[in-house]
Amino acid sequence: MNGTRKSDRPMVPTKRPNEVLVTEEDVEGRGLTKGNAIEQNADRTLYRNTPALSALDRERQRARKDKKAKFTALLHHVTVELLREAYRRLQRHASAGVDGVTWVQYGERLEENLRELHARLHRGAYRAKPSRRVYIAKADGRQRPLGIATLEDKVVQRAVVEVMNTIYEQDFVGFSYGFRPGRGQHDALDALAAAIRTKNVNWVLDTDIRDFFTAMDHGWVVKFVEHRIGDRRLVRLVQKWLSAGVMENGRWAASRVGSPQGATISPLLANIYLHYALDLWAHQWRQQARGDVVIVRYADDLVVGFEHEDEAKRFWADLRERLRKFALELHPDKTRLIEFGRYAKARRSRRGERGSPETFRFLGFLHACGSSRRGSLLLTRRSDPKRMRVTLQAVKETMTRRRHDPVDEQGKWLGQVVRGYLGYFAVPTNSRSIGRFRSEVIRMWCRNLRQRSHRHRLTWQRMTRIANRWLPPARIQHPWPEDRFHAKTQGRSPVR
């Protein structure tokens with residue numbers, strides 16, 4: 001079923017005191033994306049009509065023309081104006097760092113604060129503060145550590161990211177999608193689906209880099225940054241953020257490896273790290289392959305498709321050695337090679353194997369081999385059941401806390417939750433999963449309302465009317481991935 005995409009970025013509910021919100025990352029089942037800053041639901045690209053960014057256009061053009069150029073004067077682009085735009089793009093209700101300063105408090109004397117911050121930056125007196133350690137639940141039950149930076153550190157990091165992106169966006173390869181301006185999860189999903197459909201993909205290597213954001217070697221981070229950044233003041237800023245450490249339970253701990261998940265600078269540093277450690281090498285490797293090789297990477301989530309099994313196994317072994325050189329390791333239990341593609345089912349039948357071909361997970365979806373009515377390959381994508389359960393559990397816990405709120409308030413909130421889920425997961429072939437999610441929300445809501453009184457009069461018929469009033473229908477919202485992918489590239493960019 002085809003659909004029209006309304007937004008890749010679902011609405012975010014308004015925060016209530018002591019309430020954990022269900023954001024886009026939550027409904028996707030990832031908690032906060034690994035390395036993603038808490039405030040990064042805002043657009044990462046600042047206004048392009050400011051004088052500061054117009055000046056950066058010259059650096060962008062130079063970076064595009066000269067791939068070996070080193071930029072020795074960049075910090076002067078971090079102006080008061082750029083800092084102001086960075087501040088305005090932060091989430092207003094994001095958690096405060098170790099200094100307790102919120103967005104509203106900092107804005108009470110905004111111009112004075114920004115001028116003083118700008119002066120400290122340019123005379124070398126700026127000092128990065130430790131991140132505040134918090135934990136969020138992962139889909140597998142473990143806890144993911146996040147580092148919440150102070151608001152001032154967020155402002156500086158966002159401005160510096162804008163300056164550095166000017167250069168690195170000219171270098172990053174086409175199959176890198178994570179945390180880049182103008183690219184998102186659905187762009188990566190579309191590229192992967194189009195590649196599997198149009199290329200000779202018979203094998204898929206589903207990889208997982210073990211604890212990537214906590215394993216990044218600081219020495220390599222600095223070396224990689226220095227490939228393009230010759231401004232020592234900017235390099236020292238990166239070093240300050242890496243070594244600022246974390247505060248947990250009132251105690252400071254040093255950071256000798258890794259980059260805090262939650263820091264605004266972390267996604268860019270991760271992309272730079274993997275650009276040199278993985279992307280350039282993988283791009284060169286596939287050019288020497290005799291069969292088709294397609295690559296899609298979103299942050300540290302990497303999926304590689306192959307035409308030939310022997311090349312897939314060789315790439316796997318070479319990748320393991322390549323990552324080891326840069327203090328990284330493939331997770332032995334989460335990295336696997338599976339038979340996939342248009343001939344996978346037929347080959348299994350010839351070998352006398354029962355059941356459908358194996359599936360793999362990528363960006364919250366379970367990818368499987370299906371068949372269209374004409375018998376051709378149909379890549380089916382379903383919501384990952386494990387992550388759906390985590391999302392529903394989070395909704396249930398918040399719903400319990402809001403049990404005695406007026407029905408209208410509950411309806412508005414749940415409408416935003418369901419709308420956000422559909423905004424991400426309502427893709428073709430996923431009708432059953434999104435319908436199940438909406439049904440489960442209604443069922444939990446009905447039970448919650450009935451528990452408000454021992455003598456309730458809430459029939460299921462009345463509950464259905466309430467749900468239909470507040471919750472959007474579970475309909476496909478996204479077009480077929482090949483249609484959107486080819487519409488965006490228009491033949492200028494081949495399937496990666």
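Predicted model: local features only at pLDDT ≥ 70, side-chain atom pairs only at ≥ 80, totals over all residues.
Reader: How many bridges join β3 to β7?
Author: Strands count as paired if DSSP finds at least two bridges between them. Thr207 of this pairing stands opposite Leu302 in β7. β3 and β7 (residues 301-306) run antiparallel, and the number of bridges joining them is six.

Reader: And on the β8 side, what is the bridge partner of Asp206?
Author: β8 (residues 336-339) also runs antiparallel to β3, with four bridges joining the two. In β8, Asp206 has as its bridge partner Arg336.

Reader: So in what order do the four strands of the open sheet come?
Author: The pairing in this open sheet is antiparallel. β6 (293-298) and β8 stand at the edges with a single partner strand each, so one side of each has no neighbour in the sheet. From one strand to the next, the twist averages 15°. Reading across, the order is β6-β7-β3-β8.

Reader: Why is β3 largely enclosed by the rest of the structure, and how many of its residues are buried?
Author: In a regular strand, side chains alternate between the two faces of the sheet. Here Trp203, Leu205 and Thr207 point one way, and Val204, Asp206 and Asp208 the other, and all are buried (under 20% relative accessible area; exposed is over 50%, partly exposed in between, with a 1.4 Å probe and protein chains only). β3 is largely enclosed because the buried count is six of six.

Reader: At about what angle does α7 run to β6?
Author: Axes are lines fitted to C-alpha atoms, for helices over the stretch in contact (heavy atoms within 4.5 Å), and angles run from 0 to 180 degrees between N-to-C directions. Helix α7 (residues 185-198) lies across β6 and β7, and its angle to β6 is about 165°.

Reader: Within what arc do the buried residues of α18 fall?
Author: In α18 (residues 481-489) the buried residues are Pro481, Glu482, Arg484, Phe485 and Thr489. They line one face of the helix, because seen down its axis (taking the directions from the axis to the C-beta atoms) they fall within an arc of 165°.

Reader: What covers that buried face, including which strand?
Author: The cover over the buried residues of α18 includes helix α7. It also includes the strand at 377-383, β11.

Reader: On to charges: which residue forms a salt bridge with Asp171?
Author: The structure holds 31 salt bridges (a side-chain nitrogen of Lys or Arg within 4 Å of a carboxyl oxygen of Asp or Glu). In this one the closest N and O atoms are 3.9 Å apart, and the partner of Asp171 is Lys67.

Reader: How many residues apart in sequence are the parts tied together by Arg120 and Glu152?
Author: Their side chains meet in a salt bridge at 2.8 Å, N to O. Arg120 lies in α5 (residues 110-123) and Glu152 in α6, so the residues separating the tied parts number 32.

Key
Residues numbered from 1 in each chain as written. Heavy atoms only, no water.
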